[in-house]
Amino acid sequence: MRNIVLALLSIGVGFAISFFGLDIYSNSISNEDKTIAQSNKVITPKKEGEPPINEDNTSEETLTVKGSSTGSFSVDTEDIQKNFDNWEAYTKENIDLMSTFIPMDDKGAIMEKGIFLTLLRTGAYIPIKSKKDGKVQYQLTGIDDSSNEKIKKSIVSKASIAHQYFKMEGKKLPNYNFIDLNGNAHNKADTKGKLLVLKCWFITCKVCVEEFPELNELVDKYKDEKIEFVSLAFDKKDELVKFLETKEFKYPTIPEQKDYMTKKLKVKQYPTHLIIDSNGIIIKMVNNVKTLTSELERIMGK
């Protein structure tokens, strides 16, 4: 009997040692050297008292985290968290939480986007971009305890706005009956059977105005498609007429729509673009022309 007990104890100790050794090995694998990705930060000043203005400029470059199930590593997650400038440069080039992407948890498993954004809002994670089979993936990665507090606040802020916009997707566009600067009506009857693209902006929003040329290109690109482009502005009719005399903008523009944008559409950042399907359902809310362009290409298949 004594020999049996000793044998069982020996087996148990051996199992514990093996498990401990395996754990050490796994940790050593996950902490392999990573390649540092660096880029420069561009700062554009904004006037005090204006609504939040989006200055993100995302890129198609593929960056992933080494050791992740999403693919090969080419970004050092420790380096991009060393200071706020590093983090801001990385996110400007790689992260757009309002775009279409595959959300993944910290183990690499696909998850629901609403939960992904909710977890980012806790400030406990950063999103890391990768690409697999031509599709963009963002994976949650635990934030370093030593990370600058501004990094956490930035993540929480961007994730909160993205979550608000995500909640609007799938909802009906609130009732509208717009009259543009030329006296033309834009209502549900006029846009029935068409894709509707709305731009939310105001005259003193620098980024909003800078994207006019690219938006004009979209109007030209889809001129033979069933798409209607309309812009909603804060400003009064006479101010807009005078301003647009010097700035070509091919969207019909509706004046004095601040209440509709902030109260009905829940717009939190400018510019904001909405894509609404032929049944009046909001498909996407995004905050830059690059993402708008890629989303239209995805929807229209070109």
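Contact here means heavy atoms within 4.5 Å, and the close-ups below all come from a predicted model.

View 1. K199 has its place in strand β6. Is this lysine buried or exposed? K199 counts as buried, because its relative accessibility is 0% and the limit for buried is under 20%. Its contacts, leaving aside residues up to four places away in sequence, are C208, E211, F212, L215, V230, S231, L232, F249, Y251, P271, T272 and H273.

**View 2. The disulfide of C205 and C208.** Let us stay with C208 and turn to its sulfur. A disulfide is a covalent bond between the sulfur atoms of two cysteines. In this model the count comes to 1 disulfide. C205 and C208 form it, with their sulfur atoms 2.2 Å apart. The link of C205 and C208 is right-handed, with 75 degrees about the S-S bond. Both ends are buried: C205 has 0% relative accessibility, and C208 has a relative accessible area of 0%.

**View 3. Helix α10 from end to end.** Helix α10 runs over residues 289-300, which makes 12 residues. From first C-alpha to last, α10 reaches 16 Å, close to the 16 Å expected at 1.5 Å a residue. At the start of the helix, a side-chain oxygen of N288 comes to within 3.2 Å of the backbone nitrogen of K290. After α10 comes G301, with a positive phi near 75 degrees.

**View 4. The buried side of α10.** Which residues of α10 are buried? They are V289, T291, L292, E295 and L296. These residues lie on the same side of α10 because they cover an arc of only 155 degrees around the axis. The packing partners of the buried residues are β6 (195-201), α7 (212-221), β7 (227-233), β9 (272-276) and β10 (282-286). One of the buried residues, T291, has a relative accessible area of 3%. T291 and S99 are 192 residues apart in sequence, while their C-alpha atoms are 6.2 Å apart in space.

Note on methods: Residues are numbered from 1 along each chain as its sequence is written. This is a predicted model: local features need pLDDT of at least 70, side-chain atom pairs count only at pLDDT 80 or more; totals for chains, interfaces and linings use all residues. Side-chain values use heavy atoms; hydrogens and water are left out. Helices (H or I, at least four residues) and strands (E, at least two) are DSSP runs, numbered from the N terminus. The expected span of a helix is 1.5 Å times one less than its number of residues. Buried means under 20% relative accessible area, exposed over 50%, partly exposed in between (1.4 Å probe, protein chains only). The arc is that of the directions from the helix axis to the C-beta atoms. A polar contact is a pair of N or O atoms within 3.5 Å; within protein, one must be able to donate a hydrogen and the other to accept it, and residues adjacent in sequence count only if both atoms are side-chain atoms. A disulfide is a pair of cysteine sulfur atoms within 2.5 Å.
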